[in-house]
Amino acid sequence: MPRLVKIAGPAVLLTVGFISLLVGLALGGGAAASPLADPGAVVRYGLPTAQLLFNISAAATIGTLAMVCFALDDSRKEYAAALDFAAGAAAVWTVASLFTGFLTFLSVYLQPVTFDDRFGQILGSYLTTVPLGQASLVSTVIPAVVTVLCFAVRNHTAMFFITVLAVAGLIPLALQGHAAGSAGHDMAVSSLGLHVVFAAIWLGGLAMIVALKRELEPDRLGPVLSRFSTLALFSFVVVAASGIANAQLRIGTLNNLLTPYGLLVILKVVAICGLGLFGAIQRKYLIAKISSSGTTRSGHFWWFVFAELAVMGFASGIAAALARTRTPIPQELVTTTPAYILTGEPLPPELTPIRFITEWKFDILWMLIVAFAAFFYLAGVRRLHKRGDRWSWLKTTSFMTGLAVLFYVTNGGVNAYEKYLFSVHMLAHMTLGMIIPVLLAPGAPITLAVRTIKKRTDGSRGIREWILLAVHSGVAKVMSRPVVAAIFFAGSLWVFYYSPLFRWATQDHIGHTFMIFHFLLSGYLFVQTLVGTDPLPYRAPYPMRLVILLATLAFHAFFGVTLMTGTGLLLADWYGAMGRPWGADAITDQQTGGGIAWSIGEIPTLALAIFVLIMWARSDSKLARRLDRKAARDGDSELEEYNSMLAKLQNRP
Ligand code: HEM
């Protein structure tokens, strides 16, 4: 039986996937002809089928690349075999994306295919000017590039960037379909994006293990499987949380669970429970058994993988049908207020101090980032304590407080209002760029990770190896220079607000997410170079750190004052067109934002300056103590030498 696995595995996945898709389309009515616009049965059934193939081949590519990055040893044949498999899967993904893009065009074009000039022109302008067409183009070009790179590149570090590129190939999908609708757009994009990416890592990782059945040496299945199991557990949590968050937006109340859309979601919940069970059995019994027996011959294991692939196929088939099924909550525009037309969400009630606590706008991405960061940090501290090592509670408290503030800024009142008020946006910016990094950096997460994550000994790279690679990289060498970090931090203030970046980050959820990452990263780097205790390739002398800090302080103040005194409205067609019946007018609110940039920016900078002074004083006293200990040990030979040198100078004629 093991001989057939390489063919039978994918065959089971695709067959069960296709059958589940047909069942899901029948149940949900996703392929039913609509009286108004019927593109024909070929398109109605062809599109979700092509989408299913797109999802599965994208998963096989991304999952394999994730395993190449985190599980495989680049000196063994498993590595090259995996990249060949990823290249093949990416080629299928490219073709599936071409078909999905073309069938999507036909589903909106609703004219017969004629292949004449006019048809070509319309298709061309659709692909280049219509967001749906542009998304199809991007989702085709990226897998095509990934195909070539998987064939041509073998460098392990480069694989990380190719994986990121492949993941980007899934983002257009997260922006289309029901997520393109206006209802809860931001949460829809975040949740679907996370959902399809981690479903891909999970499914693709399993597909890779089947594809590499022969290339994996007998003693390798155990370690590779246990690393897949860790990725799968992580994906299980993210897929379930993001799936439920996305389903909640479409279903709303429990009564809608019995609608066709609701029933398909229930089927997916059943599927993920089944996959969870598979995962638990794998972790509890199979990995230990295979690692101890050191053989891949056991037929039982492969039957197990078969069954798991079948459930994956079922979930993928239902998923592709779900994307074509009418949602119980309409996704179209429901009111025409200026705020709703601009943001896709209703204007929140008038902002009052209490509303900063009572109003919430959750973002599943940051909820999960904060939850995982807190979990892994505390797990690291616990592991240190268990082996008798100390870790200051101050560090833990500071880091956890930083995470709590990050959770609030990305999910609480600030997140609920920042789209409508420039002042609240600036509050978010200053907190992300200054306050949170000043709390996170003293927590020394890199040191904790490097001290607690087990070292890999088989040539593969785990989180620890990737962290050390990043910390010792050329980029880190440049970015760890306080001057560079300060320019990156303060300079990006001006670049961000006086370039199209601000509009992108305000109007587009992907742009908004990038903005949060950028503010956090630039602030963290700046604080890390000044007061961080984590390893860095370069440490500037304390006087220089203070000078840079004061210069940045001035730069920040100048930026704040410019806004406070400015009369030109930034993004006037956004903040000025919101139609808010409450609060200050847009320009006054912008000037308040300037005041916040100036004031809030200064407080953490002052704290940093005090930090640097304390560390400076401490390092001096440490140096003095060390010199004293040395003097005590060697009878102060240094002073002796110095005095004898002075004596020689004095005695010189
Ligand atoms: C708790 C279990 C799950 C829930 C509640 C869930 C829910 C959802 C929802 C609501 C969507 C969006 C459909 C739409 O556009 O309206 C979706 C899409 C998707 N789900 Fe899940 N899902 C779950 C588990 C899974 C699993 C286990 C997989 C595969 C391993 C999966 C793969 C996908 C894929 C690939 C899509 C994108 C479909 C497309 O747009 O073509 N999901 N899921």
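Select R461 and W466: the charged end of R461 sits over the ring of W466, 4.8 Å from its centre. To count, NZ of Lys or CZ of Arg must be within 6 Å of the ring centre and within 35 degrees of the ring normal. This is a predicted model, where local features need pLDDT of at least 70, side-chain atom pairs count only at pLDDT 80 or more, and totals for chains, interfaces and linings use all residues. Residues are numbered from 1 along each chain as its sequence is written, and side-chain values use heavy atoms, leaving out hydrogens and water.

Next, select R481 and Y538. R481 lies over the face of Y538, at 3.9 Å from the ring centre.

**Aromatic pairs**

The whole structure holds 41 aromatic pairs. Rings of Phe, Tyr and Trp (its six-membered ring) pair if their centres lie within 6.5 Å; planes under 30 degrees apart are stacked, over 60 edge-to-face, and the rest tilted.

Select W360 and F407. Their pair is tilted, 6.2 Å centre to centre, with 40° between the planes. W360 is in the loop between α13 (355–358) and α14 (364–386), and F407 is in helix α15 (residues 393–411), 47 residues apart. Helices here are DSSP runs (H or I, at least four residues), numbered from the N terminus. W360 is partly exposed, at 36% relative accessibility. F407 is also partly exposed, at 26%. Buried means under 20% relative accessible area, exposed over 50%, partly exposed in between (1.4 Å probe, protein chains only).

Now go to F422 and Y497. This pair is edge-to-face: 6.0 Å centre to centre, 70° between the planes. F422 is in helix α17 (residues 422–440) and Y497 in helix α21 (residues 482–497), 75 residues apart. Are F422 and Y497 buried or exposed? Both are buried. Ring pairs link them into a cluster whose members include W494, F519 and Y575.

**Helix packing**

Show α17 and α26. Their axes come within 8 Å and cross at roughly 10°. Axes are lines fitted to C-alpha atoms, for helices over the stretch in contact, and angles run from 0 to 180 degrees between N-to-C directions. The two helices are therefore roughly parallel, a label for angles under 35 degrees. Among the α17 residues meeting α26 is F422 again.

Finally, show α23 (residues 509–531) with α26 (residues 586–634). They pack at about 25°, with axes 9 Å apart. F526, V527, L530 and V531 of α23 make the contact with L608, F611, V612 and M615 of α26. Contact means heavy atoms within 4.5 Å.

Methods
Angles under 35 degrees count as roughly parallel, over 145 as roughly antiparallel, 65 to 115 as roughly perpendicular and the rest as oblique.
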